[in-house]
Amino acid sequence: MIRIANGQGFWGDWLEAPVRLVEEGPIDYLVLDYLAEITMSILQKQKLDNPNLGYARDFPPLIGRLAPKLRERGIRVIANAGGVNPSACARAVLEAAPGLTVAVVHGDDVFGRIDEFLSKGYAMRDMDTGEPISTIRPRILSANAYIGAFPLAEALDKGADVVIAGRSTDTALTLAPMVHEFGWGPEDWNRLAAGTIAGHIIECGAQCSGGNCQIDWQSIPRMADIGYPIIEAEADGSFTVTKHERAGGRVNTDTVKEQLLYELGDPHNYITPDCIADFTSIELTDSGRDRVRVTGIRGGPRPPTLKLSISYANGWKAIGTLVYSWPQALEKARAADQIVRRRLEELGLRFDEIYTEFFGVNACHGPAAPPNPDPPEVQIRIGVRGQDRKAVDRFTRELIPLVLNGPPGATGFGEGRPPVREIVAYWSALIPREEIETSVEVIA
Amino acid sequence: MKKPLGAIAHTRSGDKGDTCNVGVIALQPEFYPIILREVTPERVKAHFGELVKGKVERFELPNLGAINLLLHESLGGGGTVSLRIDAQGKTYGAALLGMEVNVD
């Protein structure tokens, strides 16, 4: 049995979580998931400004802080902290923690290969809209192929203490140590599916161990000290989800079910580079305090394609707010909305969308929100987006004047004009997997 | 008898682009057939009204006593494009807890 723990569900997650996982009990592998769809484009921009950046900058100091304990206990780390510059990330890790053996997985970054793919006849159509990528070619900011667990396992085979990947799938980080330790083959579909589902359960950190849990949330023990999840994996593909005993939080079939359904599509076909996992085969059993046993998982052959994660520039947006107080708070906020829209129209400004929400009334749930006819205060939140930056910038000047020239009782303008932000949109497409060749570089 | 869905189920929601997924999980095994009967794509689409522009798909996971709903074109373009406060549909699961179901 091996213990695999996840200490980061995204870049920006709780900094103490990985430290506590290492200090509060036994683990063999620490995995850290840093990348969301949009993160790659942010990192690409940072790399364009400075060729030594473009990776998750939280990661090297964390490894520096953990290094003595990692050495003492033989804990190995697997992270997709490399972003668009895993080599620079590895250099920073070695500076922070000299003496560790670091491996870098290359091959996911295809930013420089888009034209080559186009010349080979791959249209790279968007998986949602079906449009060919040629429609956004000049605006592409980053392009990466999702890679699976086998290159990461190869890095562990080669003796790495710290494995740094770019755009690996979140689930591959957890599956890789199982492939490495148990010698699973590339066609062990059921076991690969089991390791993939273990990865899905822990990839969002505490979201399976009591965080964001609806059932009896008030009774979840010591949420301030919440324990991040640990998988106790067996060679046959069965596993147990748990947490350190000393930590707060809760692990039971309810918390695990909620996370299993998070960001799920067709449960029969959970597609990864390693296999296709069947979520309808999962059997869960409560097996002691904060322990859930997971068995029965089936999987099928991996697809012939890999998914590309591409980001591109898609115009500008700005979102501003004002607060109106009782009485008639909602009526005043609605009047303010009409006035802003009228003034934008009279200026002749064109936007792709103007969208208004009323906090305290319907912002989260729209028409599904319960009626709240006379709230004590309402925040109006108006956003615009469009291709013309000047138009979006002009919009940001239209809110604050309402305090003096609109309906009575407006406040909450202390932050001043809202910032104009560039929209980095996301494009996903498929490419034959033979086009993506990965390699592992070990830096001692 | 009519009750809110929250009396018999818990939910979790998330995003994939402009699609929001809502997992609905029975609080007790005997509630699962009620969920299958009551939480239909048509009723879910009606509950969210103008928030869901596309179709609603439903998948069944009897092993978890759960269904998975896909709410297409429901996040204002999704991710970074969306102007909504809940661009990732994090609270859509909670919104469904208020839908009335017949629990008889």
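Select A:Ala176 and look for its contacts, meaning C-beta atoms, placed from the backbone, within 7 Å: A:Ile78, A:Ala149, A:Leu152, A:Ala153 and A:Leu156 turn up once residues up to four places away in sequence are left out. You're in a predicted model, where local features need pLDDT of at least 70, side-chain atom pairs count only at 80 or more, and totals for chains, interfaces and linings use all residues. Residues are numbered from 1 along each chain as its sequence is written, with chains lettered from A and ligands numbered from 1 in the order written.

Now widen the selection. A:Ala176 is among the residues touching the most other members of the largest nonpolar core, which has 148 residues; A:Phe59 and B:Val24 are others. (Such a core joins buried Ala, Val, Leu, Ile, Met, Phe, Trp, Tyr and Cys through C-beta atoms within 7 Å; buried means 20 or more other C-beta atoms within 10 Å of the residue's own, again placed from the backbone.) Colour helix H8 of chain A, residues 189-202: with 8 residues, H8 gives this core its largest share. Helices are DSSP runs of H or I, at least four residues, and strands are E runs of at least two, numbered from the N terminus.

Next, hop to B:Val24, which stands opposite B:Ile67 in S5(B). Strands S3 (19-26) and S5 (66-71) of chain B pair antiparallel over 6 bridges; pairing takes at least two DSSP bridges. Show the whole open sheet of 4 strands, ordered S2-S3-S5-S4 in chain B. S2 and S4 of chain B each have a single partner strand, so one side of each lacks a neighbour in the sheet.

Note on methods. A residue is buried if 20 or more other C-beta atoms lie within 10 Å of its own, exposed if 12 or fewer, and partly exposed in between; C-beta atoms are placed from the backbone. Two residues are in contact if their C-beta atoms, placed from the backbone, lie within 7 Å.
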